[in-house]
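The entries follow in the order in which I made them.

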Amino acid sequence: MSAVVYEQRTVRRARYAVAAVFAVHGAVTGSFATRVPWIQDHAGVSAGQLGLALAFPALGASVAMPLAGSVSHRFGARTALRGLLALWTLALALPALAPNLLTLCLALFVYGATAGMSDVAMNALGVEIENRLDKSIMSGLHGMWSAGALIGSAAGTLAAHLGSDARLHHVLAASVLTVAGLVACTWVLDLQPAEDADPPPRFALPPRSALLIGAVGFCAVFAEGASLDWSAVYLRDQLEASAGLAAACTTGFTLTMALARFAGDKVVDRFGAVRTVRVSGVLATLGGLLIVVGGHPAVAMTGFALMGLGIAVVVPLCFAAAGRAGSNPSLAIAGVATITYTSGLVAPSAIGGLAQATSLVVSFGLVTALACCLVVFAKVLRAGDRDRPKISPSNAGVPDRQS
């Protein structure tokens, strides 16, 4: 077997392995999101206190994410991803064990820190594989994340319907996902830094060219984070739906997200990034209006499904546009990633705070307004319609030698 053929097989195998990692990462999020109402009741916290607690994943991620590059540089990409992903899957068990607000905040801090570091590590490997294959795979990888979230939320829906204790549910889910993640990491690329390579910088401000693109991504990810963590609570508290039906709403949202991401590349190739995002914004806005004014669980569930369909492909297109903006594509991509990731982490707490001051209806009115912004500002993604430039692994902030 020639070295070229062996390399191609290795990269293809690594692609499937990273896809499995994305699915495991998403399954943790889906498992957590469907049991938020149970966790709220167990900890005895109000909507406003829950919103406060849900700010701690953002704080944990903000503190820990800059460390991911250093961890990968020191231990190599495969070992770093294996350890960070295991910490993330095990952290799933912590929030359900929290008996009060203080312990819930601490648990969610750890939950967010491990989420952010493992997210950075797996996306870095995804970028490296994309460069080696010389074709886009990131949308599909994010589709696998949504598929994993769907599986996790479906299991959570069943657990909620059966009235099971979320502590037992999450301990079992964490155990299964930890084993699955460790197995998947066996076949990812074992990248090592060059012997004379300096550690990557911990912080880098996004260039001006990335700010508007990041703002579009912010709107989409805000809607995603709000829907994932608050859709079940919205149906239960606002529309008096059963626990099982409320959890099923989250499942429907993640289902439309997954389907849209898997189909997104073909749609963008045919209609272009700008037109796709404009239509996506219309669908998301319509979904938000159904959520706010529907007044019935079935209508609201339809609204959340449309919301998921509308926002699914926006973030991958933001990354594509960032790669064509300015003279430093890798820095622009990193800046957009920081903005969008932060949005997803702060959205749940912002929704909770606004709900405490007003109502959940008003909170999702804000989400609807942000969805409408996708229609208005889609033109900033016009660069996404051009051919994708080559980005070297070193410029992308990925270790450049494979052992």
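The entries below concern a cavity, a pocket and a surface patch in this predicted model.

Entry 1: I first asked how many cavities of 30 Å³ or more the structure holds. I found one. For the largest cavity I noted a volume of about 40 Å³. I then listed the residues that line this cavity: Trp145, Ser146, Ala149, Glu224, Leu228, Phe253, Thr254 and Met257. Three helices, α8 (138-161), α10 (208-238) and α11 (243-271), each contribute at least two residues to that lining. Sorted by class, the lining has five nonpolar residues, two polar residues and one charged residue.

**Entry 2: an open pocket.** I next turned to the second largest pocket, and recorded a volume of about 190 Å³. Its lining includes Ala260, Ala263, Gly264, Val267 and Phe271. Also among the lining residues are Arg275, Thr276, Val279, Ser280, Leu283, Leu309 and Val313. Helices α11 and α12 (273-293) are the elements that give two or more residues to the lining of this pocket. By class, I wrote down eight nonpolar, three polar and one charged residues for the pocket lining.

**Entry 3: the surface.** Which residues form a nonpolar patch on the surface? I identified Leu94, Leu97 and Val110, which together have about 220 Å² of accessible area. Leu97 belongs to helix α6 (residues 94-97).

Key: Residues numbered from 1 in each chain as written. Predicted model: local features only at pLDDT ≥ 70, side-chain atom pairs only at ≥ 80, totals over all residues. Heavy atoms only, no water. 1 Å grid on protein atoms, 1.4 Å probe; cavity = no way out; pocket = protein on both sides within 12 Å on 5 of 7 lines; lining within 4 Å. Points joined across faces, edges and corners; volume = space filled by probe spheres on them. Helix = DSSP H or I, 4+ residues; strand = E, 2+ residues; numbered from the N terminus. Nonpolar A, V, L, I, M, F, W, Y, C, P; charged D, E, K, R; others polar. Patch = residues over 30% accessible without salt bridge, like charges linked within 9 Å, V, L, I, M, F, W, Y side chains within 5 Å. Areas by Shrake-Rupley, 256 points an atom, 1.4 Å probe, with all protein chains shown as cover. Salt bridge = Lys/Arg side-chain N within 4 Å of Asp/Glu carboxyl O.
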